Amino acid sequence: MRPIKPKPSNLSIKLGQPSVYNPDFLRQRARWIRDDLDPQIARTGHDALHADDILKLDDFLRQLLSAKLSIEDIRSSRIHLAVLEIAGRGTRWPKRLIERCDAVKEAWEVAHGPLQGMGIALYEGGGRLQGICRPEDLSKELLIVKWLRTPGATKLSPVKALRCGDLGFKPGEWWISPLFAFRDGIINGAEAEGGIVSDLAGAYAVVMTGKSEESGASANEFVYQARSSDKGRYRLTAGTPESRHPVRILRSHTLRSFYAPKAGLRYDGLHRVAGWTIKMDAKKKEMLYFISFKRLPDQLSMDEVLRRPWTEEIEDYREYKRLRRLARDKQTETARPRIDLATPTVTFSTDGIVDVYEDGLMTPDSVSEEEDKSDLACLRRSAVTSRDATGLGPCGIAETAETMHDVHTETGERTDSLAG
């Protein structure tokens with residue numbers, strides 16, 4: 001039976017103190033321990049800890065020891081990993097705090113089993129991807145169709161990203177892959193190779209990957225090398241008032257830069273074009289565009305932005321990759337033809353084709369396929385606001401409105417696997 005959570009004391013409510021039964025408060029405390037205190041101790045030793053921090057942490061651990069937390073709250077907040085971090089660093093943390101964590105660890109293991117085997121919540125309650133996708137959603141296009149069929153799907157549109165400004169996003173916000181950044185509307189494409197988000201009116205965002213960044217004098221300045229196939233470079237170098245609008249800059253973990261995130265995709269704030277240089281590549285016989293960006297002074301400091309991704313976010317990224325790899329292996333195995341099936345079985349092959357087996361024979365599931373194509377075509381037609389709009393397109397959408405129309409009516413359409 002799930003333990004009943006006792007109500008916070010009247011004194012706690014009166015003083016406005018957060019309760020340890022609040023998952024958000026637990027998550028903040030776990031983040032504070034793992035991303036603030038532990039790196040500080042690793043650099044300079046526990047003597048560097050402020051007395052107030054030691055007292056606050058000691059009081060928090062005593063609350064954990066007396067509380068009856070559910071395993072769901074423990075897993076979703078990652079507080080058990082923070083406790084293990086302290087308990088497992090006998091020579092790093094103050095002895096009193098280690099003893100407190102040992103006591104908490106022992107009490108929780110009696111109630112819930114070994115903490116090491118508790119894992120983390122990613123797709124379950126309180127997890128980052130709860131209600132968004134499942135490990136089995138390997139096809140990027142089918143996942144987008146799935147999102148379109150869910151309530152509130154009208155907000156899923158590439159057009160959202162074709163606007164100037166931060167769109168309500170804060171510097172430092174992070175996503176496991178470009179696909180989820182596209183879902184939230186900060187960019188208009190889910191492709192991992194990145195590029196410039198633009199249309200005929202201007203450029204709005206840049207997703208930097210690979211060797212596209214040359215570091216500047218500080219974290220607030222850099223030079224971006226646009227790909228020769230990216231028409232958005234003309235919008236950034238047009239010399240018009242529209243080309244002076246702030247641009248959203250996102251860095252991928254695949255970017256070869258000191259400022260790249262350790263995993264996933266991170267929004268680094270608004271930047272303006274400060275200048276550009278055009279050079280001829282003698283070997284490739286093409287023009288290279290080097291565009292200088294300068295960060296707006298009112299943005300959150302890069303010191304704060306560079307703290308992301310947090311430890312929990314890196315764990316989410318690794319767990320996402322691990323579960324997808326297992327799902328892919330399982331899907332590949334189940335997609336193989338079988339001759340001993342007694343009941344109809346539906347399998348999804350790695351190329352996104354739906355196969356139905358009845359009495360050992362494969363029959364096409366043309367209805368589902370046509371529905372998927374219809375929904376995806378609707379998304380693609382909404383990808384641009386005017387003819388010949390350019391920029392990143394969702395899941396392989398062509399760069400112009402005309403070619404987008406051609407692509408979604410093409411019979412030999414390819415289904416890519418999830419990016420990231």
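**View 1. Helices H2 and H3 cross in a left-handed way.** In this predicted model, H2 (residues 23-44) and H3 (residues 51-66) pack at an angle of about 135 degrees, with their axes 12 Å apart. That angle makes H2 oblique to H3. On the H2 side, the contact is made by Phe25, Leu26, Arg29, Trp32, Ile33 and Leu37, and on the H3 side by Asp53, Lys56, Leu57, Phe60 and Leu64. Sorted by class, this contact has 8 nonpolar, no polar and 3 charged residues.

A few terms for this view: helices (H or I, at least four residues) and strands (E, at least two) are DSSP runs, numbered from the N terminus. Axes are lines fitted to C-alpha atoms, for helices over the stretch in contact, and angles run from 0 to 180 degrees between N-to-C directions. Angles under 35 degrees count as roughly parallel, over 145 as roughly antiparallel, 65 to 115 as roughly perpendicular and the rest as oblique. A left-handed crossing has the near helix turned anticlockwise from the far one by less than a right angle, and a right-handed one has it turned clockwise. Contact means heavy atoms within 4.5 Å. Ala, Val, Leu, Ile, Met, Phe, Trp, Tyr, Cys and Pro count as nonpolar, Asp, Glu, Lys and Arg as charged, and the others, Gly among them, as polar.

Residues are numbered from 1 along each chain as its sequence is written, and side-chain values use heavy atoms, with hydrogens and water left out. Local features need pLDDT of at least 70 and side-chain atom pairs count only at pLDDT 80 or more, while totals for chains, interfaces and linings use all residues.

**View 2. Helix H5 packs against helix H6.** H5 (residues 79-87) and H6 (residues 95-112) pack at an angle of about 135 degrees, and their axes are 8 Å apart. The two helices are therefore oblique to each other, and their crossing is left-handed. From H5, Ile79, His80, Val83, Leu84, Ile86 and Ala87 meet Leu97, Ile98, Cys101, Asp102, Val104, Lys105 and Trp108 in H6. By class, that gives 10 nonpolar, 1 polar and 2 charged residues.

**View 3. H5 is largely enclosed by the rest of the structure, because 9 of its 9 residues are buried.** Buried means under 20% relative accessible area, exposed over 50%, and partly exposed in between (1.4 Å probe, protein chains only). The cover over H5 includes H2, H3, H4 (71-77), H6 and H11. In the loop between H4 and H5 sits Arg78, a residue other than glycine with a positive phi near 65 degrees. Arg78 counts as buried because its relative accessibility is 4%.

**View 4. Leu129, Phe180, Ile187 and Leu250 touch the most other members of the largest nonpolar core, which has 35 residues.** Such a core is a set of buried Ala, Val, Leu, Ile, Met, Phe, Trp, Tyr and Cys residues joined through side-chain atoms within 4.5 Å. Among the elements that give two or more residues to this core are H7 (140-148), H8 (178-184) and S7 (265-281). H8 gives the most, with 4 residues. Leaving aside residues up to four places away in sequence, Ile187 touches partners including Pro178, Phe182, Val207 and Leu250. A second, separate core of 34 residues includes Ile41, Phe60, Ala87 and Cys101.

**View 5. A cis peptide bond joins Arg308 and Pro309.** Omega is about 5 degrees here, and Pro309 lies in the loop between H10 (302-305) and H11.
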